[in-house]
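Hi everyone, thanks for coming. Let me put the model up on the screen, and then we can walk through it together.

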Amino acid sequence: MTVTSDLLRLATIGSVDDGKSTLIGRLLVDTRQLFDDQLDAVVNASERRGVGDLDLSFVTDGLRAEREQGITIDVAYRYASTPRRKFIIADCPGHVQYTRNMATGASTADLALVVVDVAHGLKEQTRRHLCIAALLGVRGLVVAVNKMDAVHWSPSAFQSVVDEVETVAGELGFGVVTCVPTSALLGDNVVEPSNHTPWYRGPTVLGALESSDAGAWTNATNGPRLPIQWVLRQPGGGRTYAGMVNGDALHEGDVVTLLPAGIETTITTLNTLHGGRSAEAGAGLSIDVALADETDAGRGDLLARAPLPRVTSELSATLCWFGERPLGAGQRLRLKHTTRVTPARVVALDGVVDVATLVVSDRAELRTNDIGLVTLQTADPLVVDDYRDNRVTGSFVLIDEVTNATVAAGMVGRASFLA
Amino acid sequence: MTLTPLRPPTTTDHLSLLESHAVYILREVAAECERPVLLFSGGKDSAVLLHLAVKAFAPGRLPFPVMHVDTGQNFPEVLAFRDRTVAAIGARLVVASVQDAIDRGRAADPGPRGSRNRLQTVALLDAIVEQRFDAAFGGARRDEDKARAKERILSFRNAFGQWEPRHQRPELWQLYQGRVNPGEHLRAFPLSDWTELDVWQYIEREGVALPSIYFAHERDVVRRDAMWLAVNEHVEARPSERVERRLVRYRTVGDATCTGAVESDAVTVAAIVREVATANVSERGATRADDRFSETAMEDRKREGYF
């Protein structure tokens with residue numbers, strides 16, 4: 001049996017009506033990812049709603065309200081594989097009021113597939129999405145400059161969007177950006193190369209996704225971390241500590257520090273789920289470990305190797321605020337970081353980001369979908385890395401104390417473009 | 001930027017990553033919720049889910065009971081499998097019975113040949129309220145249906161048990177937060193990112209036991225709604241239908257009145273993996289009459305509180 005282990009997770013981003021869902025529909029249909037009955041259902045739904053023979057956006061816009069309104073409300077996850085690679089695709093909504101859902105889709109993505117309507121250029125909402133994707137640490141960008149048929153396949157129209165995208169991507173610190181002139185509706189340069197664009201020599205959207213190295217592993221710059229989720233009692237009275245590894249690999253025999261207590265001990269046994277006892281385990285694997293010394297380790301604690309994370313109860317952080325009511329200094333919330341939940345308070349609001357200019361300015365409160373810089377104080381100490389060093393120990397969410405809704409995505413530290 | 005990727009080098013295989021992620025979700029919810037329960041239908045997805053739950057808490061026992069929503073119209077092989085499996089791991093079994101719900105007047109009896117598919121929601125929500133469960137693990141996958149493709153891994157249900165697709169909680173990174181107020185609950189779907197093929201490849205790798213009806217066998221069937229429907233105590237052939245004996249297997253397991261069989265000669269998991277890899281029709285499209293009522297049948301049932 002062959003299992004393709006090369007997986008790319010991507011999220012679509014961009015403004016409403018630029019064609020994100022249509023592009024994903026086109027990609028899935030032209031790579032034959034849909035079963036016959038699923039394609040039939042899309043054809044039937046298109047006819048019933050009077051939107052032509054095949055509305056490709058219906059492949060992912062599966063909710064009743066989405067089809068009635070012709071918009072995407074929440075993220076659809078689709079799974080695709082080609083001979084070269086497996087994909088998990090998060091098709092995200094473009095509307096500003098659903099930014100929280102876009103952030104949900106982008107938070108686990110390696111690559112953003114940006115869709116831009118060539119006739120309109122970069123809208124504010126696309127800039128907001130690019131800014132959030134950059135903050136969330138999405139590494140790769142593929143840009144479909146879409147609806148090229150509507151501008152008669154004009155190379156200069158394409159180039160002016162490319163120039164705009166490259167400027168913004170540069171400011172936000174993205175690396176290589178691949179721009180592709182497309183018509184998702186007609187299928188040009190999505191899976192099949194277009195014969196309308198003889199002046200374009202680059203890859204199709206699929207080609208760009210298949211060859212992107214955004215999902216490739218680069219060694220972490222900091223040491224291994226194991227946030228403890230659960231204590232497993234072993235027969236005979238011993239205990240092992242279960243959690244998911246992130247950062248560098250952990251090994252049997254590793255000298256580790258239990259934080260926040262600061263106790264040094266050694267991993268005597270490392271158990272994986274598949275194959276049992278193992279010499280090492282890399283990021284993304286759920287394991288349990290036995291320690292050489294008696295400790296009172298439990299859920300919320302963390303095992304780490306140097307360079308050690310910081311132990312702190314005051315955080316400087318970047319927030320994407322999704323709450324319906326504004327956030328101001330003094331407000332109390334709950335904070336979940338790794339496996340620890342603690343009360344937290346906003347000590348200071350240090351600024352709000354203008355997504356168009358990336359200028360940080362003073363304001364008394366954060367409103368829904370604002371990106372802001374804050375200082376937080378927590379009741380219990382947290383064990384943190386800067387988000388740019390570690391996406392697990394550098395991230396947190398804020399929770400409304402009354403409704404229990406998740407109201408913010410938080411990242412420890414601030415991105416260099418917000419300096 | 002020098003961001004650390006969330007995921008590991010390609011030396012770690014796909015199935016091990018899916019397994020680790022599912023176990024991570026099981027442990028998070030078990031740690032954060034007061035009274036979780038694991039929904040177990042006896043189907044392949046819930047068999048895999050239970051297998052993962054056992055692994056997540058071994059060598060300890062499951063820190064939650066297992067619940068079967070029993071329509072009273074089951075395949076006998078599946079009930080036997082349920083009892084065998086639950087006994088083998090020493091779990092506590094809760095049965096939420098649709099027949100009880102009918103007897104207590106909570107739901108109207110659709111008659112001996114009628115489908116009890118939607119009545120499962122009544123039995124399920126009643127059991128959640130009575131037993132004060134605040135989280136229910138399910139084996140649903142996002143590749144099954146277009147409404148499921150939209151659902152969070154931790155899916156919030158209000159005090160009426162409803163899913164509100166327009167007001168889902170943001171779910172950032174792998175920070176699954178499962179806090180609810182009394183009367184509300186969560187559905188947790190650890191297999192969200194698994195495809196049907198992943199499930200079968202995992203069953204093959206781990207040797208997960210399944211009910212015999214997943215494997216090819218001869219059975220009396222009739223052709224109805226473009227499916228092969230087994231003729232048994234719950235399904236009677238209509239005058240226009242011809243009963244045939246065919247070599248079939250089940251691709252999903254649900255209520256006996258609305259789950260169809262597919263023609264197949266696959267008698268081993270390896271043969272099923274090959275069959276699934278080349279299928280032209282989706283598993284629910286091939287086998288579920290309950291999804292054919294309308295364009296948004298699954299969404300409508302989920303809004304009411306279905307799995």
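With 307 residues, what radius of gyration would a compact globule have, and what does chain B have? The globule value is near 19 Å, and chain B has 19 Å, which agrees. That radius is taken over C-alpha atoms, and the globule rule is 2.2 Å times the number of residues to the power 0.38.

Some housekeeping before I go on. What you see is a predicted model, where local features need pLDDT of at least 70 and side-chain atom pairs count only at pLDDT 80 or more, while totals for chains, interfaces and linings use all residues. Residues are numbered from 1 along each chain as its sequence is written, and chains are lettered from A and ligands numbered from 1 in the order in which they are written.

Let's stay with chain B. Its C-alpha atoms fill a box of roughly 65 × 50 × 40 Å along the principal axes. Chain B has nine helices and 10 strands; these are DSSP runs numbered from the N terminus, with helices being H or I of at least four residues and strands E of at least two.

Chain B is divided into domain 1, residues 14–199 plus 297–304, and domain 2, residues 207–290. Those bounds come from an automatic or database domain assignment. The C-alpha centres of the two domains of chain B lie 23 Å apart. Where they meet, 24 residues of domain 1 of chain B are in contact with 20 residues of domain 2 of chain B. Contact here has a set meaning: the C-beta atoms of two residues, placed from the backbone, lie within 7 Å. On the domain 1 side of chain B, the elements giving two or more residues are α2, α3 (76–89) and α6. By class, that side has seven nonpolar, 10 polar and seven charged residues. For the classes, Ala, Val, Leu, Ile, Met, Phe, Trp, Tyr, Cys and Pro count as nonpolar, Asp, Glu, Lys and Arg as charged, and the others, Gly among them, as polar.

Now for some helix packing. Two packed helices are described by the angle between their axes and the distance between the axes. How do α2 and α6 of chain B cross? The axes of α2(B), residues 44–57, and α6(B), residues 196–206, come within 10 Å and cross at roughly 50°. Axes are lines fitted to C-alpha atoms, for helices over the stretch in contact, with angles from 0 to 180 degrees between N-to-C directions. That makes α2(B) oblique to α6(B); under 35 degrees would count as roughly parallel, over 145 as roughly antiparallel, 65 to 115 as roughly perpendicular, and the rest is oblique. From α2(B), the contact uses B:Lys44, B:Asp45, B:Val48 and B:His51, and from α6(B) it uses B:Val199, B:Tyr202, B:Ile203 and B:Glu206. Those residues divide into four nonpolar, one polar and three charged.

Helix α6(B) also packs on α1(B), where the axes come within 11 Å and cross at roughly 95°. These two helices are therefore roughly perpendicular to each other. Here α1(B) brings B:Leu15, B:Leu18 and B:Glu19, and α6(B) brings B:Asp198, B:Gln201, B:Tyr202 and B:Arg205.

On to the partner. How many residues does each chain put into the contact between chains A and B? Chain B gives 56 residues and chain A gives 67. Helix α1 of chain B, residues 14–32, gives the most to the chain B side, with 11 residues. That side divides into 22 nonpolar, 17 polar and 17 charged residues.

Chain A itself has seven helices and 25 strands. Its radius of gyration is 23 Å, close to the 22 Å that the globule rule gives for 419 residues, so chain A is as compact as a globular protein of that length. The domain assignment of chain A gives domain 1 (7–211), domain 2 (225–304) and domain 3 (310–418). Between domains 2 and 3 of chain A, the C-alpha centres are 29 Å apart, and 11 residues of domain 2 touch nine of domain 3.

Last, some backbone details. Most residues other than glycine have a negative phi, and most peptide bonds are trans. In chain A, the bond from A:Leu259 to A:Pro260 is cis, with omega near 10°, and A:Pro260 sits in the loop between β11 (255–259) and β12 (263–272). The bond from A:Ala306 to A:Pro307 is cis too, with omega near 0°. Finally, A:Trp153 has a positive phi of about 60° although it is not a glycine; look for A:Trp153 in the loop between β5 (140–146) and α6 (155–172) of chain A.
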